[in-house]
Amino acid sequence: MIRRTLVKKALNAKEPEDEIRIEGWVRTRRDAKAFSFVEINDGTSLANLQIIIDATLSDYETEIVKVTTGAAIRVHGKLTLSQGKNQGWEVIATAFEVIGQADASYPLQKKGHSLEFLREIAHLRPRSNLFGCVFRVRSRLAHAVHQFFQGRDFIYIHTPIITASDCEGAGEMFKVTTIDPAKPPLKDGQVDYGKDFFEKPSYLTVSGQLAAEVFACSMSNVYTFGPTFRAENSNTTRHASEFWMIEPEMAFCDLQEDMDVAETFVKYLIDDILKHCAADMTFFSKFVDKGLKDRLQWVLDRPFERVSYAEAIDILLQSGQTFEYPVDYGLNLQSEHERYLTEKHFKCPVTVYNYPKTIKPFYMRANDDGKTVAAMDVLVPGIGEIVGGSQREERLEVLEKHLEHHELSKEDYGWYLDLRRFGSVPHSGFGMGFERMLMFVTGVSNIRDVIPFARTPGNAEF
RNA sequence: UCCAGAGUAGCUCAAUGGUAGAGCAAUCGGCUGUUAACCGAUCGGUUGUUGGUUCAAGUCCAACCUCUGGAGCCA
């Protein structure tokens, strides 16, 4: 049998082919008197390939009725220029075969479905136009992440998914245990985790940062890119219980450079997707978010605004806007404040830096003013915070004080403090939510629609 | 977790407290190098669940379930 040609390849052909083999899933069939039009898609491209199946082919009468939307078929034929208007190439079948039938209960129709309905059939939604586009772009975006860092001599570190320290300091964690909840081993009336698999309480990671710092402090520039988990009961369009995060960590790097890298990174990803996923991006621009391409281009064409937290508060206080939550020095920026800054005031991504130390975690580097830390957040229109980072505290005594203030034990962080004892250097890094970036790039407004099988509170189907 | 909204045919949606309807899909037929094809017919319902008010409930009330949006937590 001749080799399979992917639909994407066939559609991009330079010249006709006398013999070609195509396999994929039927999107639609239209019957004429003497032949049928069948549109086939194999996921490699948004566009379908049109197949002409002549009624004189053997088994036409018995087999063509099985060629329904959703069925898998194999076609042998000639790749030729189409007589029709909407496609360049089409295949005149010389033989066709139904590989897998789809009966009338196949839920995907030729017409549009609601995103809510498609979420209920997450196992079939990648066969729709929208989700085909989403997951092709997701794949390319992951590739671009690696390309960005690998091209800059960053080393990819696989930080652990199971961690034994509950002190990563970023919210509720999922416990990992082999203890039978019906009859747990007890010690003084409490569950005895000393008898658990890891002989101590262990969890799914909420961040690879602390481990990445270890490697930055020996291999200079590193990054992690992997799944992270939050057991928060968050029910929003921007939160999932399992999501992917990218966390670069750079030795001999201060906050300024950290912000520079973050901005360059965001722009690199946008540029890569616009260049390599043109058809998919056109689809998003047309059906998901009309202003998408213009907005992304706008982001590419100019520097991000940079304001200190104090300046941001001034802007908000002088905005004349009424906010639901109070604006004041020392208070956290709420969603509505971030949105105002990036969507109304600057109308472009904004990097806010030097936050009050009281609202930030212990590992961020204290500034000389005694009040703020060298933290930064990149805020983008429509999503809010897409990058959060900081310069890390490299001074042992200061870090120990921070631990005390946050009521964390020095023993738990012994290995982390060691980094400050032996050849400590200024270093910085940030985290980017992969799905949030994907939402920003595609215009898809719900995180559940950019993850193959989303995990959210009360929902782990599939 | 809090606030708001929504659950009616496989899908998307109608229906003043008074006989549950349309488009699409499916099925059958017709027409056509068609392309979200077109034309005709057929099929399709315990109106999320339970209880209540009423002569009468898809519609009003209560509780619960599910989904959606917003908020908080955060990436």
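## Helix H4

In this predicted model, 16 of the 22 residues of helix H4 are buried, so the helix is largely enclosed by the rest of the structure. Helix H4 covers residues 129-150 and reaches 32 Å from its first C-alpha to its last, close to the 32 Å expected at 1.5 Å a residue.

## Surface near RNA strand B

RNA strand B is surrounded by 50 residues, and the closest are Glu90, Gln109, Ser234, His239 and Arg436. The residues of this surface divide into 22 polar, 16 charged and 12 nonpolar.

Several contacts involve the bases. A polar side-chain atom of Glu90 lies 2.5 Å from a base nitrogen, and an N or O atom in the side chain of Gln109 is 2.5 Å from a base nitrogen. Asp31 places a backbone N or O atom 2.5 Å from a base oxygen. Elements that give two or more residues to this surface include strand E1 (17-31), helix H3 (115-120) and strand E17 (384-392).

## Aromatic rings

The model has 23 aromatic pairs. Phe323 and Tyr340 form an edge-to-face pair, 5.7 Å centre to centre with 80 degrees between the planes. Phe323 lies in the loop between helices H9 and H10 and Tyr340 in helix H10, so the pair ties together parts that are 17 residues apart in sequence. Both Phe323 and Tyr340 are buried.

A cluster linked by ring pairs includes Phe148, Phe149, Tyr223 and Phe430.

## Charges over rings

The charged end of Lys360 sits over the ring of Tyr355, 4.3 Å from its centre. For Arg420 over the ring of Tyr416, the distance is 4.1 Å.

Technical notes. Residues are numbered from 1 along each chain as its sequence is written. Chains are lettered from A and ligands numbered from 1 in the order in which they are written. This is a predicted model: local features need pLDDT of at least 70, side-chain atom pairs count only at pLDDT 80 or more; totals for chains, interfaces and linings use all residues. Side-chain values use heavy atoms; hydrogens and water are left out. A residue is near a molecule or strand if one of its heavy atoms lies within 4 Å of it. A polar contact is a pair of N or O atoms within 3.5 Å; within protein, one must be able to donate a hydrogen and the other to accept it, and residues adjacent in sequence count only if both atoms are side-chain atoms. Helices (H or I, at least four residues) and strands (E, at least two) are DSSP runs, numbered from the N terminus. Ala, Val, Leu, Ile, Met, Phe, Trp, Tyr, Cys and Pro count as nonpolar, Asp, Glu, Lys and Arg as charged, and the others, Gly among them, as polar. The expected span of a helix is 1.5 Å times one less than its number of residues. Buried means under 20% relative accessible area, exposed over 50%, partly exposed in between (1.4 Å probe, protein chains only). Rings of Phe, Tyr and Trp (its six-membered ring) pair if their centres lie within 6.5 Å; planes under 30 degrees apart count as stacked, over 60 as edge-to-face and the rest as tilted. A charge sits over a ring if NZ of Lys or CZ of Arg is within 6 Å of the ring centre and within 35 degrees of the ring normal.
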